[in-house]
Amino acid sequence: MIKFWSYNRELKKYKNKINSKIQKSLNSGQIFFGKELSEFEKKFIKKNKSKYGVAVGSGTDALFIALKSLNIKNGDEIITAANTAIPTISAIRSVGAVPKLVDIGDDYLIDTSKIEREITKKTKVIIPVHLYGQTCDMDKIIKISKKYNLKIVEDCAQSQGAKYKNKFCGTIGKLGCFSFYPTKILGAYGDGGFILTSDYNLYKKIKRIRFYGIETVDKNNKYLNKYYSNEDGINSRLDEIQASILNFKLSLIDKFISRRRHLAKLYFKNLNLTDLKLPLVRKYSDHVFHLFTVYHPYRKKIIEKLKDQLIETRIIYPYPIQNMNGYKKFFKGNKRLKNSEIKSKGIFCLPVYPELKDKEVIKVCNVIKKTLKKM
Ligand SMILES: Cc1ncc(COP(=O)(O)O)c(C=O)c1O
């Protein structure tokens, strides 16, 4: 069986280390806001060459808190891509804002040439979603954001470690939001998220919002009364156990990413001459291959044949946001999202994760090649 994703092989490989991290954090007597969290926050900020950062409870929370910190409110409009994860949109709705969708290009990312026509007086933010592990065309997005005075909140949930022209994603816009959902490039064994910024005041504000609005220390790092809120906040903590696992896994992140790149290369090499549309890798972007997304108009047949050979695939995502009952009402009559409709009918993702074996990728490729030959 070739699973689409599973943590079992990773756990088997690093069991002793992970168990000892969990045990150590349990023994520390600190469940939240202890040494593991502050170590992880420091390391994650450094790894991404950012200035400030705050760990939070999930990637969705990261986006919600980021938008809240920018005072986004009811009726404000936020621009993002039609092909994104639902949480990008649910975070927008959580602050009462209205999502404005832009069609995608052949790289499955926001088509920057179509952003401007969605901008109105109410537009406050652009959320470029660096989907599948590749960054959006940030220079173009920055140019538009400057022209219309919009803030950029990067959704980096699928692209931890990816760079745009040598800059880590999440450090290009005003705020960068990450997810540590287990399948992600840096995955916890539970939920987790992170916000990066180079703005000190926003950093302080985000830190308050994640903890009921409480300012825990003063300017001199002196401990303050915990039961006093300075800000309208929520509860979004990354606990010590998750932070300890993330600390360990962060030390392996370069290895994880190079393994993903290696597997992607194998896919490219072996599927190159087929009529399967392989990922379009942009020169300006340093892809980390969170997902290896391919396109074929007859994907159903290919997916079935792979399944017959016990190979799992996944469609990410089968429905563009504008077609979902939960969000349809915001996009009534919008006929400008054609490419996202077309792509959603033919895309599917092949397995790619560090513990996947080369020979398994070759097997996937052989089944695909055989199937395509007969079609
Ligand atoms: C693009 C994107 N944005 C946001 C999220 C939300 O992250 P989380 O699942 O940690 O809340 C995810 C992950 O599911 C995602 O893929």
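Predicted model: local features only at pLDDT ≥ 70, side-chain atom pairs only at ≥ 80, totals over all residues.
The side chains of Arg282 and Asp107 meet in a salt bridge, with an N to O distance of 2.9 Å. This pair links distant parts of the chain, 175 residues apart: Arg282 lies in the loop between helix H8 (253-271) and E10, while Asp107 lies in the loop between strand E3 (98-102) and strand E4 (123-127).

## Other salt bridges

The count of salt bridges in the model comes to 23. One of them is formed by Asp199 and Lys174, whose closest N and O atoms are 3.1 Å apart. Here too the pair links distant parts of the chain, 25 residues apart, with Asp199 in the loop between strand E9 (193-197) and helix H6 (200-209), and Lys174 in the loop between E7 and strand E8 (175-179). Lys174 counts as partly exposed because its relative accessibility is 30%.

A further salt bridge joins Arg208 to Glu215, the closest N and O atoms being 2.9 Å apart, and both Arg208 and Glu215 are buried. These two residues also belong to a network of salt bridges that links Lys204, Arg208, Glu215 and Glu231.

## The three-stranded sheet

Strands E7, E6 and E10 form an open sheet in the order E7-E6-E10, with antiparallel pairing. Strand E7 (167-168) and strand E10 (285-286) are the edge strands, each of them pairing on one side only.

Strand E6 (residues 163-164) runs antiparallel to E10 and is joined to E10 by two bridges. Within this pairing, Lys163 has Asp286 in E10 as its bridge partner.

## A positive surface patch

Lys301, Lys305, Lys370 and Lys374 form a positive surface patch. Of these residues, Lys305 is found in helix H9, which spans residues 299-308. The relative accessibility of Lys305 is 36%, so Lys305 counts as partly exposed; membership of such a patch requires over 30% relative accessible area and no salt bridge.

Key: Residues numbered from 1 in each chain as written. Heavy atoms only, no water. Patch = residues over 30% accessible without salt bridge, like charges linked within 9 Å, V, L, I, M, F, W, Y side chains within 5 Å. Areas by Shrake-Rupley, 256 points an atom, 1.4 Å probe, with all protein chains shown as cover. Salt bridge = Lys/Arg side-chain N within 4 Å of Asp/Glu carboxyl O. Lys, Arg positive; Asp, Glu negative; His and termini not counted. Charge placed at Lys NZ, Arg CZ, Asp CG, Glu CD. Helix = DSSP H or I, 4+ residues; strand = E, 2+ residues; numbered from the N terminus. Buried < 20%, exposed > 50% of the residue type's maximum accessible area, 1.4 Å probe, protein only. Pairing = 2+ DSSP bridges.
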